[in-house]
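Please look at the sequence and the model first, then read the points below.

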Amino acid sequence: MISLLIVDDHPVVRNGLRGMFSADPRFEVLGEAGDGAEAIVAGEALRPDVILMDLRMPRVDGVCAIWELARRGVPARVLVLTTYDTDSDVLPAIEAGATGYLLKDAPSEELFRAVEAAAQGQAALSPAVATRLMRQMRQPASEPLSQRELEVLELVARGSTNREAARQLFISEATVKTHLLHAYAKLGVNDRAAAVAAAFSRGYLSPERCGRRRPQARPRRP
């Protein structure tokens, strides 16, 4: 029997998943959590085989919860179950350590198989997600990001606007936009969210958006 922790900020979704898995003798639902913070506490306390993890939740999101669970040594496999399959959602979740990634419109039998695979440490990916990851892997190597481009992307990853990033780095807003455009070209993306996701995936960024202290901006040169 595979033990489960269900993490989703919508009670109706949690109730539906609990009912579906509880009705199958292959699974045992140990508990539920309404956001990433609760998931971290429950994961440590319950030690399930598999955690079904939503991504976009209040307080602590799914990606940050995955990072923190891994940091604390919780052995549970994490299977992301979400509505979103964009690069900005998929890549950070896989980089954080998710074993699988399914969409909420997956049939119940596909979800059951994915949980069984995750419990054995096997990857379980929806076709759309697998296609995205393959495309990412096939992209040719690009010129590395400069230090200033990394600084800009780190601030963007924490939610800073171009104006806020400019103020913290003591440069103009136009210069921030230029650095972002250069980063887009090097990463092969077209927007801020995809750039941050690609930077996480390629190891340029660590999970600092999950609460670590922001580095101090460089002082203006005389």
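The notes that follow are grouped by topic. The model is predicted. Among its features are a cluster of aromatic rings formed by F21, F27 and F112, a buried aspartate, D89, and a buried glutamate, E68.

**Aromatic pairs**

- A pair of aromatic rings is described by two values, the distance of the centres and the angle of the planes.
- The count of aromatic pairs comes to three.
- One of them joins F21 and F27 in an edge-to-face arrangement, with 5.0 Å from centre to centre and 90 degrees between the planes.
- F21 has a relative accessibility of 0% and therefore counts as buried, the limit being under 20%.
- F27 is likewise buried, because its relative accessible area is 3%.
- F21 also pairs with F112, again edge-to-face, at 5.2 Å centre to centre and with 70 degrees between the planes.
- This second pair links distant parts of the chain: F21 belongs to helix α1 (residues 11–22) and F112 to helix α5 (residues 108–119), and the two residues are 91 residues apart.
- Both partners, F21 and F112, are buried.
- Through these ring pairs, F21, F27 and F112 are linked into a cluster.

- D89 is located in helix α4, which covers residues 87–96.
- With a relative accessible area of 8%, D89 falls under the 20% limit and so is buried.
- Leaving aside residues up to four places away in sequence, D89 touches L55, R56, Y84 and Y101.
- Two of these neighbours, R56 and Y84, also meet each other: R56 lies over the face of Y84, at 3.6 Å from the ring centre.
- D89 and A197 are 108 residues apart along the chain, yet their C-alpha atoms are separated by 7.3 Å.

**E68 in helix α3**

- E68 has its place in helix α3, which runs over residues 62–71.
- Its relative accessibility is 19%, and E68 therefore counts as buried, since the limit is under 20%.
- The side chain of E68 is joined to that of R71 by a polar contact of 2.6 Å.

Key
Residues are numbered from 1 along each chain as its sequence is written. This is a predicted model: local features need pLDDT of at least 70, side-chain atom pairs count only at pLDDT 80 or more; totals for chains, interfaces and linings use all residues. Side-chain values use heavy atoms; hydrogens and water are left out. Helices (H or I, at least four residues) and strands (E, at least two) are DSSP runs, numbered from the N terminus. Buried means under 20% relative accessible area, exposed over 50%, partly exposed in between (1.4 Å probe, protein chains only). A polar contact is a pair of N or O atoms within 3.5 Å; within protein, one must be able to donate a hydrogen and the other to accept it, and residues adjacent in sequence count only if both atoms are side-chain atoms. Contact means heavy atoms within 4.5 Å. Rings of Phe, Tyr and Trp (its six-membered ring) pair if their centres lie within 6.5 Å; planes under 30 degrees apart count as stacked, over 60 as edge-to-face and the rest as tilted. A charge sits over a ring if NZ of Lys or CZ of Arg is within 6 Å of the ring centre and within 35 degrees of the ring normal.
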